[in-house]
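Here is a short briefing to read with the model open in your viewer. It begins with a term, then moves from the overall layout to the details.

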Amino acid sequence: MKVEFKPEVKKEFEAIAARYPVRRAALLPALWLAQREFGFISTEALKATADLVGCSPAQAMETASFYTMYQKQKPGKYHLQFCQTISCLLNGAEDVRAAVEKKLNLKDGQTTADGQFSLQGVECLASCHTAPCMRINDEYHENLTVEKINQIIDELKAK
Ligand code: FES
């Protein structure tokens, strides 16, 4: 199903594009707009973004596929992105991740059947000093322990 950016979002993009020497250089913020507007970067959202920026869908996909921050599948209502880079690994990230997998019966890249939770391993979240850490949607959760993550998930389930 074809998707289109709303006129006000196109206007927002034009203001962003004006800051770049060439329109195509604004592909990253355009992908953010697409993710915000359409929930994730579907094939249709990718085409709409390519049209907006003036590049081919293949070029837009090359960029979107490079970054884990662009969701290529519809994430759960609570999208858990756990850091799997060295500082977090040295500080217990594997135990935290295993606790999440067990509690939600989820593996990396999966979403619960009710659409509430999805799990994704990502690279450094730039919060190494508070390792291990995880992002849930746009919020950071730091200095995680198994007890802490179980409590966070219980609180999200209760919402
Ligand atoms: S290694 Fe996990 S935030 Fe940097």
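A residue is called buried if 20 or more other C-beta atoms lie within 10 Å of its own, exposed if 12 or fewer do, and partly exposed in between, with C-beta atoms placed from the backbone. By that rule, five of the six residues of strand S1 (residues 78-83) are buried, so S1 is largely enclosed by the rest of the structure. Please keep in mind that this is a predicted model, in which local features need pLDDT of at least 70 and side-chain atom pairs count only at pLDDT 80 or more, while totals for chains, interfaces and linings use all residues. Residues are numbered from 1 along each chain as its sequence is written.

**Overall layout**

- The chain has seven helices and four strands; helices (H or I, at least four residues) and strands (E, at least two) are DSSP runs, numbered from the N terminus.
- Read from the N terminus, the order of elements is α-α-α-α-β-α-α-β-β-β-α.
- There are two domains in the division of the chain, domain 1 (7-66) and domain 2 (78-158), with bounds that come from an automatic or database domain assignment.
- A distance of 28 Å separates the C-alpha centres of domain 1 and domain 2.
- The C-alpha trace spans about 45 × 35 × 25 Å along its principal axes.
- Buried residues make up 28% of the 159 residues of the chain.
- Among contacts with a separation of 6 or more, 59% join residues 24 or more positions apart; a contact here means that the C-beta atoms of two residues, placed from the backbone, lie within 7 Å.

**The sheet**

- Two strands count as paired if DSSP finds at least two bridges between them.
- S1 runs parallel to strand S2 (residues 117-122), and six bridges join them; in this pairing Cys83 stands opposite Val122.
- S1 also pairs with strand S3 (residues 134-136), here in the antiparallel sense and over three bridges, with Phe82 opposite Met134.
- The whole is an open sheet of four strands in the order S2-S1-S3-S4, with mixed pairing.
- S2 and strand S4 (139-141) are the edge strands, each pairing on one side only.
- From one strand to the next, the twist averages 25°.
- Helix H6 (residues 93-104) lies across S1 and S2 and runs at about 155° to S1; the axes are lines fitted to C-alpha atoms, for helices over the stretch in contact, and angles run from 0 to 180 degrees between N-to-C directions.

- Does the length of helix H2 (residues 27-38) agree or disagree with 1.5 Å a residue? Its 12 residues should span 16 Å and its end C-alpha atoms are 16 Å apart, which agrees; the expected span is 1.5 Å times one less than the number of residues.
- The buried residues of H2 are Leu27, Ala30, Leu31, Leu33, Ala34 and Gln35.
- These buried residues pack against helix H1 (7-17), helix H3 (43-53) and helix H4 (57-66).
- After H2 comes Gly39, with a positive phi near 90°.

**Nonpolar cores**

- A nonpolar core is a set of buried Ala, Val, Leu, Ile, Met, Phe, Trp, Tyr and Cys residues joined through C-beta atoms within 7 Å.
- The largest core has 18 residues, and those that touch the most other members are Ala30, Leu31, Ala34, Ile41 and Val53.
- H2, H3 and H4 are the elements that give two or more residues to this core, and the largest share, six residues, comes from H3.
- Leaving aside residues up to four places away in sequence, Ala34 touches Ile41, Ala45, Ala48 and Thr49.

**Two residues to look up**

- Ala25 sits in the loop between H1 and H2, and it counts as partly exposed because it has 13 C-beta neighbours inside 10 Å.
- Ala25 and Val53 are 28 residues apart in sequence, with 8.3 Å from C-alpha to C-alpha.
- Glu14 belongs to helix H1, and it counts as exposed because it has 12 C-beta neighbours inside 10 Å.
- Glu14 and Ala26 are 12 residues apart in sequence, with 9.6 Å from C-alpha to C-alpha.
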